[in-house]
Amino acid sequence: HRLRLFTGDAARPWWCDGRTLLASTGGCRRGFDRLAVRPPECARYRCVEGANGCDFDLCDLCLCAAHPLAATPPGRCPNNHALTATDTADGVYANGWFCDVCGGGKNALYA
């Protein structure tokens with residue numbers, strides 16, 4: 001999943017998919033295993049694959065557990081674009097942060 005910090009309606013309930021993704025190691029690190037409105041200080045990362053995403057969300061702690069390099073986001077790319085946490089299965093990019101605007105070279109991955 002390519003995940004991006006969710007900046008939409010914070011009053012909409014959601015649950016963290018870390019409950020299943022990380023089930024073998026205890027599930028969601030914040031205990032968000034039920035549908036509920038979450039405190040705004042708990043960051044939500046949403047999948048951006050496809051036209052409307054794929055209904056996959058991780059809380060900040062589960063993102064860090066699932067993608068260790070995401071634990072220290074670098075901020076912005078050298079061109080001042082926001083970065084997206086990424087993990088691709090094709091081996092082109094390792095876990096880290098990717099600039100969607102600058103494009104597809106390895107130079108656009110920030111870890």
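Good morning. I begin with strand 2, which has both of its faces covered: Arg44 and Arg46 on one side, and Tyr45 and Cys47 on the other, are all buried. Please bear in mind that this is a predicted model.

What pairs with strand 2? Strand 1, residues 3-5, runs antiparallel to strand 2 and is joined to it by three bridges. Within that pairing, leucine 3 stands opposite cysteine 47. Strand 3 also pairs with strand 2 in the antiparallel sense, again over three bridges. Here aspartate 57 in strand 3 is the bridge partner of arginine 46.

Let us turn to the core. The largest nonpolar core has 14 residues, and those that touch the most other members are Leu3, Cys16, Cys28, Phe32, Leu58, Cys59 and Cys62. Two or more residues of this core come from each of strand 2 (44-47), strand 3 (57-59) and helix 2 (60-66). In soluble globular proteins, nonpolar side chains tend to be buried together.

Next, the aromatic rings. How many aromatic pairs does the structure hold? There is one. Tryptophan 14 lies in the loop between strand 1 and helix 1 (18-21), and phenylalanine 32 in the loop between helix 1 and strand 2, so the pair ties together parts that are 18 residues apart in sequence. Tryptophan 14 is buried, at 5% relative accessible area, and phenylalanine 32 is buried at 8%.

Finally, two arginines. The charged end of arginine 38 sits over the ring of phenylalanine 32, 4.1 Å from its centre. Arginine 44, from strand 2, lies over the face of phenylalanine 6, at 4.1 Å from the ring centre. Thank you.

Conventions: Residues are numbered from 1 along each chain as its sequence is written. This is a predicted model: local features need pLDDT of at least 70, side-chain atom pairs count only at pLDDT 80 or more; totals for chains, interfaces and linings use all residues. Side-chain values use heavy atoms; hydrogens and water are left out. A nonpolar core is a set of buried Ala, Val, Leu, Ile, Met, Phe, Trp, Tyr and Cys residues joined through side-chain atoms within 4.5 Å. Buried means under 20% relative accessible area, exposed over 50%, partly exposed in between (1.4 Å probe, protein chains only). Helices (H or I, at least four residues) and strands (E, at least two) are DSSP runs, numbered from the N terminus. Two strands pair if DSSP finds at least two bridges between them. Rings of Phe, Tyr and Trp (its six-membered ring) pair if their centres lie within 6.5 Å; planes under 30 degrees apart count as stacked, over 60 as edge-to-face and the rest as tilted. A charge sits over a ring if NZ of Lys or CZ of Arg is within 6 Å of the ring centre and within 35 degrees of the ring normal.
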